[in-house]
Amino acid sequence: MQTLFQQAVSIYEEWQATILVFVTVLGSLAIGAVLRVALARLAGRLHPVRHVWMHGLLSGASLPLQILVWVLGIALAGKMLVGRGGALQQDSLLAHGLDPVRDVMVIAVVMWFLLRAVNQIQINLLARARDRGRELDPTAADAIGKLCKASIVITAILMMMQALGFSIAGLLAFGGMGGIAVGFAAQSLVANLLGGLTIFASRPFKVGEYIIIPGTDLMGGVEHIGWRATRLIGFDCKPFYVPNAMFNTQPVINHTRMTSRRIMEDIHIRYADIDAVPGIVADGRALLSEHPGIKHDFFAFNFSSCGAYSLKLSLYAFTVSTDYNDYMNVQEDVLLRIADIIRRHGARMTGPVSTVDMPQLRGQDAQSDAAGADPARLPPMPPSLPSMG
């Protein structure tokens, strides 16, 4: 019995490092899985609207914490292999690279956790704003989220380089010189990046709004604002991408932010109806002042000019609603009512008509009417010209 015990002790001493490594790896896998499940269930019990920050942190930490436990467990197992009685030599390349690789992996996992947490917190904040009946600008939220993520990534990369033995001061100095060369080589990319920052800072438009770029055929609803380009959706449901640098040099019309729509029409009536113009204008103004779809702070309906073929009445007004269907309905109703006013005053609307006045035929027409259109009593036709043949 003592011999078997001694044999077991000798076997354990021989395989001590391997057994400890196996137990460490297996324990880290089990602990990581338990922590992930526990954090996921705890985050599921928290309401994302009432517990915005805690829910975002726990939801973002569930999977990265599991990976972090695995990384630390594997790193500890590697230390055991390098230690006394381990399978690796102290001066081996793997032994020297174990600590930097562990530090880089830890930094990468922490960066992943922070990115997940920022993304979940952003979603929770938007959900809380909608739940409370407030409108949180998605463009501003997206801009703040992207800036936070960019800061996290840049900081993590610098920490990884320092963990690998690079000098951050030297990297920053080299980056300053290299940035000049990169700036010249990628001017358009830098211009688009600055254009995206300008959009996020000044917010001339946001996601969901309809914009028009004058002088071009570019118009559509804003679907996404990226760092390099902005994606628009046209009326034909085709997406197109506008480089952000264009917004620094081109004016932008934000069609969604209009306060009203404009009605501007010219109405033409006959010259013979000049006496009816004052009554038509007065009734038209009364119509505009009482119409529920027209803004009453400013409108105009005037006799504006004597055109080449008609008298011109100018209509200028703004609708209360900015909806396109409401605008078309109001415009149609106003024009039909003005046409009815013109008809009630005995006038007629007209278009480009030419009238030829021939005074020399008036006497002939009068004589024809007196003669009862008898050909024998019509005046003689002028003699024909002699033939040239």
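Strand β1 (residues 210–212) and strand β5 pair in the antiparallel sense over two bridges. The model is predicted, so local features are taken only at pLDDT of at least 70 and side-chain atom pairs only at pLDDT 80 or more, while totals for chains, interfaces and linings use all residues. Residues are numbered from 1 along each chain as its sequence is written, and side-chain values use heavy atoms, with hydrogens and water left out.

Some terms are needed for the sheet. Helices (H or I, at least four residues) and strands (E, at least two) are DSSP runs, numbered from the N terminus. Two strands pair if DSSP finds at least two bridges between them. Strands of a sheet pair through backbone hydrogen bonds, either parallel or antiparallel.

From β2 the chain goes on to β3 through a hairpin of three residues. These two strands, β2 and β3, are antiparallel and share four bridges; H224 has R231 in β3 as its bridge partner. Taken together, the strands form an open sheet of five with the order β4-β3-β2-β1-β5 and antiparallel pairing. At the edges are β4 (239–243) and β5 (253–254), each of which pairs on one side only.

The next topic is the aromatic rings. A pair of aromatic rings is described by the distance of the centres and the angle of the planes. Rings of Phe, Tyr and Trp (its six-membered ring) pair if their centres lie within 6.5 Å; planes under 30 degrees apart count as stacked, over 60 as edge-to-face and the rest as tilted. The whole structure holds six aromatic pairs. One of them joins Y210 and F235, whose ring centres are 5.3 Å apart with planes at 35°, so this pair is tilted. Because Y210 lies in strand β1 and F235 in the loop between β3 (229–233) and β4, the pair ties together parts that are 25 residues apart in sequence.

How far a residue is covered is given by its relative accessible area: buried means under 20%, exposed over 50%, and partly exposed in between (1.4 Å probe, protein chains only). Y210 is buried at 16%, whereas F235 is exposed at 72%. The rings of Y324 and Y327 also form a tilted pair, with centres 6.1 Å apart and planes at 45°. Y324 and Y327 are three residues apart in helix α10, which means about one helical turn separates them. Y324 is partly exposed at 48%, and Y327 is buried at 13%. Elsewhere, F298, Y316 and F318 form one aromatic cluster.

Now to the nonpolar residues. In soluble globular proteins, nonpolar side chains tend to be buried together. A nonpolar core is a set of buried Ala, Val, Leu, Ile, Met, Phe, Trp, Tyr and Cys residues joined through side-chain atoms within 4.5 Å. The largest such core has 22 residues, of which I280, F301, L313 and I338 touch the most other members. Two or more residues each come from β6 (262–269), α9 (277–290), β8 (311–318) and α10 (324–344). Helix α10 gives the most, with six residues. Apart from this core lies another, of 11 residues, among them A143, F205, I213 and V222.

Contact means heavy atoms within 4.5 Å. Not counting residues up to four places away in sequence, I280 touches I269, F301, L313, I341, I342, H345 and A347.

Q331 lies in helix α10 and is buried, with a relative accessible area of 11%. Leaving aside neighbours within four places in sequence, Q331 is in contact with I263 and E265. S62 is found in helix α3 (residues 52–82) and is buried at 9%. Beyond its neighbours within four places in sequence, S62 is in contact with R36, L39, A40 and R116.
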